[in-house]
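Trainee: I would like a close look at one part of this model, the strand pairing. Please then carry on into the parts around it.

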Amino acid sequence: MSSVDKPFNSGQTRLLSLHSRIHFTPKSLYRNLALVARVGDEIALWWSYAGGASIPVRITMRLSDFILTETESILQAWEDFARTINTPMQDLDAKGLRNHAELILKIVAADMRLSQTEQQQIDKAESREPLRDDTNPAHTHAMTRLVAGFTMDQMVSEYRALRSSVLRLWLADGFAGEAYQVHDMIRFNEAIDQALVESIAAYGQAVENTRKTTLAVLGHDLRSPLGAAMMAGGLLQNADYLRDREVKLSKQISTSVRRATTMVNDLLDLARCNLGTGIPIETENAELDTVCTSIIEEIRTAFPKATIDYHQHERIKGSFDVSRMAQVFSNLVGNAVRHGDLTQPIRVQLGMQGNNAIFTVQNLGETIPADAIPYLFTPGGRHSTYAAREKGPSSGLGLGLFIASEIVAGHGGRIEAKSSDELGTTFSVFLPIR
């Protein structure tokens with residue numbers, strides 16, 4: 001059958017040369033030209049042959065034409081499917097359910113009509129096609145679906161349903177296997193995939209921006225009330241008129257507030273990393289060993305049942321952010337106390353190796369699988385059966401190792417971890433001396 005390579009407008013006719021690809025009638029019967037005209041959803045083809053009679057042939061309308069001609073029936077199928085999706089928000093009316101679907105269909109049809117090189121087709125298939133700006137309908141559709149309470153999976157399912165309904169309606173009279181039909185389906189799938197990629201990218205970026213902003217605002221707004229509670233707890237502990245039970249309760253309040261403050265500070269650090277500003281590092285000339293010794297003493301006081309063997313090989317002077325390095329030491333040693341076997345000593349060492357300061361923390365107990373170690377320094381990347389049972393002051397957000405690694409990276413250093421049944425788990429910090 002001869003392929004129709006250009007769209008028809010309603011009411012128009014054109015002449016189309018017949019070629020040998022018309023395979024259901026002997027070529028000896030063909031004489032000159034065929035008359036082609038639109039008839040409903042199909043194209044009617046007549047031609048003359050030696051006997052002088054006309055034979056009608058039906059060929060399916062080009063898919064881009066079908067999309068523009070049958071937009072309403074396609075939109076109705078889109079609306080019917082969207083109506084079946086349950087969201088926590090109020091049900092949308094027909095206009096809200098259809099959203100930007102009509103504009104998406106028009107862009108898909110227009111894209112199908114554009115000429116395309118083989119390389120452009122490969123680029124589309126491999127997602128190297130540049131995304132359109134944020135004013136395109138696919139982007140806007142994603143934003144409105146997010147606001148309407150649709151999950152990303154539900155939004156993607158709309159595109160699946162759209163793809164299925166368009167092809168089903170177009171091929172309702174059967175698939176003849178013609179080259180132009182295969183070509184149209186390939187171009188249609190490419191255009192739908194492009195719109196889907198743009199919607200997913202827009203939806204994901206909006207969710208990520210919301211999460212980052214929420215973390216930043218939450219962390220910032222919690223600091224003031226926590227600071228007030230911390231101050232009140234300290235004043236209560238120093239009051240002369242309190243009985244022993246009340247003093248104990250005030251100490252518990254202060255401990256809990258300090259823990260909450262640490263978590264808020266971790267959230268703020270995470271928000272800074274997510275927003276691209278990174279954890280601020282303000283260095284000064286300091287003695288790293290003094291900072292480490294102070295933190296070890298604090299942890300020994302907080303966890304009297306833990307045995308911490310601390311060995312300092314030499315004094316280490318350099319340019320460090322004192323408060324941030326104290327945070328690193330506290331996170332790593334505290335992590336060993338909370339997740340290690342407290343019947344065994346925790347070994348902490350600080351020394352020099354070449355031009356680097358080396359800080360190591362070793363604890364026995366539950367080992368970390370090799371395939372889990374690369375994820376320890378990502379947000380929430382904890383690996384411990386104890387973590388799921390943690391309550392009260394020992395619980396956390398799983399941000400400690402991530403923040404420690406960011407602080408060390410801000411000093412130009414790195415953190416490594418290794419774990420085995422024989423030697424337990426060891427975290428090593430390498431810091432260049434400047």
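Trainee: In which sense do strand β5 (residues 284-287) and β7 pair, parallel or antiparallel, and over how many bridges?

Mentor: Antiparallel: β5 and β7 pair over 4 bridges. Two strands count as paired if DSSP finds at least two bridges between them. Helices (H or I, at least four residues) and strands (E, at least two) are DSSP runs, numbered from the N terminus. This is a predicted model, so local features need pLDDT of at least 70 and side-chain atom pairs pLDDT 80 or more, while totals for chains, interfaces and linings use all residues. Residues are numbered from 1 along each chain as its sequence is written, and side-chain values use heavy atoms, without hydrogens or water.

Stay with this pair. A286 has G318 of β7 as its bridge partner. G318 also belongs to an alternating pattern along β7 (residues 317-320). G318 and F320 point to one face and are buried (under 20% relative accessible area; exposed is over 50%, partly exposed in between; 1.4 Å probe, protein chains only).

Now the open sheet. Five strands form it, in the order β6-β8-β9-β11-β10, with mixed pairing. β6 and β10 (414-420) are the edge strands, each with a single partner strand, so one side of each has no neighbour in the sheet. From one strand to the next, the twist averages 15 degrees.

Go through its pairings. β6 (residues 308-312) and β8 (residues 346-353) are parallel, over 5 bridges. Y310 is bridged to V348 in β8. V348 also stands opposite V361 in β9. β8 and β9 (residues 356-363) run antiparallel, joined by 7 bridges. They form a hairpin with 2 residues between them. In the turn, G354 has a positive phi of about 65 degrees. At the β10 end, 7 bridges join β10 to β11 (residues 424-432), again antiparallel. K418 has T426 of β11 as its bridge partner.

A helix covers part of this sheet. α10 (residues 288-302) lies across β6, β8, β9 and β11. It runs at about 170 degrees to β6. Axes are lines fitted to C-alpha atoms, for helices over the stretch in contact, and angles run from 0 to 180 degrees between N-to-C directions.

Elsewhere, helices pack on helices. α4 (residues 101-113) meets α6 at an angle of about 155 degrees, with the axes 9 Å apart. The two are therefore roughly antiparallel (over 145 degrees; under 35 is roughly parallel, 65 to 115 roughly perpendicular, the rest oblique). L103, I104 and I107 of α4 meet P137, A138 and H141 of α6 (contact: heavy atoms within 4.5 Å). By class, that contact has 5 nonpolar, 1 polar and no charged residues. Nonpolar means Ala, Val, Leu, Ile, Met, Phe, Trp, Tyr, Cys and Pro; charged means Asp, Glu, Lys and Arg; the others, Gly among them, are polar.

α6 (residues 137-147) also packs on α7 (residues 152-170). Here the angle is about 135 degrees and the axes are 10 Å apart. α6 and α7 are therefore oblique to each other. α6 passes α7 in a right-handed crossing. From α6 come A138, H141, A142 and R145; from α7 come M155, E158 and Y159. The classes are 4 nonpolar, 1 polar and 2 charged.

A195 lies in α8 and counts as buried, at 4% relative accessibility. A195 touches I104, A138 and Y159, leaving aside residues up to four places away in sequence. A195 and L105 are 90 residues apart along the chain, yet their C-alpha atoms are separated by 9.7 Å.

Look at another position in α8 (residues 179-237): P225. P225 is partly exposed, at 45% relative accessible area. T261 is 36 residues from P225 in sequence and 9.9 Å away in space, C-alpha to C-alpha.

Finally, the whole protein. It has 12 helices and 11 strands. Buried residues make up 42% of its 434 residues. Among contacts with a separation of 6 or more, 65% join residues 24 or more positions apart.

Technical notes: Left-handed = near helix turned anticlockwise from the far one by under 90°.
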